[in-house]
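Student: I would like to go through this structure and ask how each label was reached. Please set the values against the cut-offs as we go.

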Amino acid sequence: QVQLVESGGGLVQPGGSLRLSCGASGSRFSFNTMGWYRRAPGKERDFVAVITSSSRTNYADSVKGRFTISRDNAKNTVYLQMNDLKPEDTAVYYCRTTAWDPLISSEYTYWGQGTQVTVSS
């Protein structure tokens, strides 16, 4: 089974920075895409950023130029560096991965438990 463990959330002032981390466990799996989504209070969960196994990236327009996604394939870990944070970035941030299971030749999607990011003065 795959487990995703996120860390790095917290309270930050507008204009500040935070770095989220998400480690994936499950030694037989290949982690293809890894990414971040967020759910703001009273809203749907939205896409933030994604990175492929070959390090191609894509971002939501609202975070382009401020957030950077990266990954360490040796550690099965994905990072989200968030700079110039705004109050509208306040949300629970969820890690997501698509993992290939060679035992059953199938790919599944897994989610982390979420980490709270609050941007407020």
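Student: In which strand is Thr 77 placed?

Tutor: Thr 77 is in strand E8. Bear in mind that this is a predicted model.

Student: Why is Thr 77 called buried?

Tutor: Its relative accessible area is 11%. Buried means under 20%, so Thr 77 is buried.

Student: What makes the Thr 77 side chain and the backbone oxygen of Lys 75 a polar contact?

Tutor: A polar atom of the Thr 77 side chain lies 3.0 Å from the backbone oxygen of Lys 75. The cut-off is 3.5 Å, and the pair falls within it.

Student: Which residues does Thr 77 touch, not counting residues up to four places away in sequence?

Tutor: Thr 77 touches Cys 22, Gly 23, Met 34, Ser 70, Arg 71 and Asp 72.

Student: Where is Arg 71, and how do you know that it has no salt bridge?

Tutor: Arg 71 is in strand E7, residues 67–72. The nearest side chain of opposite charge is that of Asp 72, 8.1 Å away. A salt bridge needs a nitrogen and a carboxyl oxygen within 4 Å, so Arg 71 has none, although it is buried.

Student: Which backbone oxygens lie by polar atoms of the Arg 71 side chain?

Tutor: The backbone oxygen of Phe 31 is 2.8 Å from a polar atom of that side chain, and the backbone oxygen of Thr 52 is 3.1 Å from one. Both distances are within the 3.5 Å cut-off for a polar contact.

Student: What else is Arg 71 in contact with, leaving aside its neighbours within four places in sequence?

Tutor: Its contacts include Asn 32, Met 34, Ile 51, Ser 53, Val 78 and Tyr 79.

Student: How many salt bridges are counted?

Tutor: The count comes to 5 salt bridges. One of them joins the side chains of Asp 89 and Arg 38.

Student: Why is the pair of Asp 89 and Arg 38 called a salt bridge, and what does the pair tie together?

Tutor: The N to O distance is 3.0 Å, and the rule asks for a distance within 4 Å, so the pair qualifies. Asp 89 lies in the loop between strand E8 (77–82) and E9, and Arg 38 lies in strand E4 (residues 30–39), so the pair ties together parts that are 51 residues apart in sequence.

Student: What makes Arg 66 and Asp 89 a salt bridge?

Tutor: The closest N and O atoms of Arg 66 and Asp 89 are 2.7 Å apart, which is within 4 Å. Arg 66 lies in the loop between strand E6 (57–59) and E7, and Asp 89 in the loop between E8 and E9, so this pair ties together parts that are 23 residues apart in sequence. Arg 38, Arg 66 and Asp 89 are linked in a network of salt bridges.

Student: Are Arg 66 and Asp 89 buried or exposed?

Tutor: Arg 66 has 10% relative accessibility, and Asp 89 has 1%. Buried means under 20%, so Arg 66 counts as buried, and so does Asp 89. Arg 38 is buried as well.

Student: Why are Lys 86 and Asp 84 called partly exposed?

Tutor: Lys 86 has a relative accessible area of 28%, and Asp 84 is at 38%. Buried is under 20% and exposed over 50%, with partly exposed in between, so Lys 86 is partly exposed, and so is Asp 84. Their side chains meet in a salt bridge at 3.7 Å, N to O, which is within the 4 Å limit.

Student: Where is Ala 40, and why is it called buried?

Tutor: Ala 40 is in the loop between E4 and strand E5 (45–51). Its relative accessible area is 18%, and the cut-off is under 20%, so Ala 40 is buried. Leaving aside its neighbours within four places in sequence, Ala 40 is in contact with Thr 90 and Ala 91.

Student: What label does Ile 104 get, and why?

Tutor: At 46% relative accessible area, Ile 104 lies between the 20% and 50% limits, so it is partly exposed. Ile 104 is in the loop between strand E9 (91–101) and strand E10 (106–111). Together with Leu 103 and Tyr 108, Ile 104 forms a nonpolar patch on the surface, with about 330 Å² of accessible area.

Key: Residues are numbered from 1 along each chain as its sequence is written. This is a predicted model: local features need pLDDT of at least 70, side-chain atom pairs count only at pLDDT 80 or more; totals for chains, interfaces and linings use all residues. Side-chain values use heavy atoms; hydrogens and water are left out. Helices (H or I, at least four residues) and strands (E, at least two) are DSSP runs, numbered from the N terminus. Buried means under 20% relative accessible area, exposed over 50%, partly exposed in between (1.4 Å probe, protein chains only). Lys and Arg count as positive and Asp and Glu as negative; His and the chain ends are not counted. A polar contact is a pair of N or O atoms within 3.5 Å; within protein, one must be able to donate a hydrogen and the other to accept it, and residues adjacent in sequence count only if both atoms are side-chain atoms. Contact means heavy atoms within 4.5 Å. Patches are made of residues with over 30% relative accessible area and no salt bridge: like charges are joined within 9 Å, nonpolar side chains (Val, Leu, Ile, Met, Phe, Trp, Tyr) within 5 Å. Accessible areas come from the Shrake-Rupley method with a 1.4 Å probe; for residues, only the protein chains shown count as cover.
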